[in-house]
Amino acid sequence: MSDATVITDLNEAEEGTSLWKDAWIRLRKNHLALFGLGVMLFLCTIALLTPWIAPYGYETQNLQLGASPPSWEHWLGTDIFGRDMLTRIMYGSRVSLAVGFIATGVALLIGVLYGTVAGYAGGRVDAVMMRLVDILYALPFMIFIVLLMVVFGRNILLLFLAIGAVEWLTMARIVRGQVQSLRRQEFVEAAVSLGLSRWTIIRRHLIPNTLGPVIVYTTLTIPSVMLLEAFLSFLGLGIQPPQSSWGLLISYGVETMEEYPWLLLFPGLALSITLFALNFLGDGLRDALDPRASKD
């Protein structure tokens, strides 16, 4: 080994590293995770650029054409109103991805903070907080969402918040369990001995060490939130025509799958690809963000 190589390694060691830098190094070695990341970036880019790159106008329809199978003019066919399915799927991605990410973000924020505080506090505080979670679990959360939509109106932003407000319960339980196993670790006891405040310990030490399970559950929550939005739209409380989402398109496709199978196939394929990409990315992030992972 040359002296220059030794000096370079020493300089890198002196500079140190961080959790996020190590995570990126490990993530780059996971090809499936990079594939999932690439697919999600592609879908998000398409969703953002849809108004400028969609082959047809959003409300453009041809009643004489009706539901027609894929062709050179309409690559994914048309629906019963003669609307281009590729265009509707592209516009639907904007709503579905927004619902998935924003509602999951709300659930993530509430669940992580709630579960961390309950797990670290322990004792009566933990008992009271988790009994509240048990009570909320017993309530029919779908009725809660329906009541919110009826009282405050069918607002798409309210839809995001309402779904996120009922999806945080499982997140809180997962984080609480992780924090309970971490609070007795040596690094937490060392932080306590140094006189750090509880909030500092939670923010700097506990929450980063729960990222692995949280990321995995987040990747599972996003598709389930999309399907929940589809169910609300089917009840007339979610996305309303002429707007569309993948879930709403799938609901319509189920009704006509025997006569026009492409109306179900292509929206379902878009949602399935998103699900696989999120799962691949979630598995990769789980391994990459594990602070206890050995450095290569």
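Of the 296 residues in this protein, 43% are buried, meaning under 20% relative accessible area with a 1.4 Å probe, protein chains only. The model is predicted: local features need pLDDT of at least 70, side-chain atom pairs count only at pLDDT 80 or more, and totals for chains, interfaces and linings use all residues. Residues are numbered from 1 along each chain as its sequence is written, and side-chain values use heavy atoms, leaving out hydrogens and water.

**Fold**
- The protein has 13 helices and 0 strands; helices are DSSP runs (H or I) of at least four residues, strands (E) of at least two, numbered from the N terminus.
- Contacts are heavy atoms within 4.5 Å.
- Among contacts with a separation of 6 or more, 72% join residues 24 or more positions apart.

**Surface**
- The accessible surface is about 16300 Å², and 66% of that belongs to carbon and sulfur atoms.
- Such areas come from the Shrake-Rupley method with a 1.4 Å probe; for residues, only the protein chains shown count as cover.
- L48, L49, W52 and I53 make a nonpolar surface patch of about 480 Å².
- Patch residues have over 30% relative accessible area and no salt bridge (a Lys or Arg side-chain nitrogen within 4 Å of an Asp or Glu carboxyl oxygen); nonpolar side chains (Val, Leu, Ile, Met, Phe, Trp, Tyr) are joined within 5 Å, like charges within 9 Å.
- I53 sits in helix α3 (residues 31-53).
- I53 has a relative accessible area of 43%, so it is partly exposed, between 20% and 50%.

**Confidence**
- Mean pLDDT (the predictor's confidence in each residue, from 0 to 100) is 80, and 88% of residues reach 70 or more.
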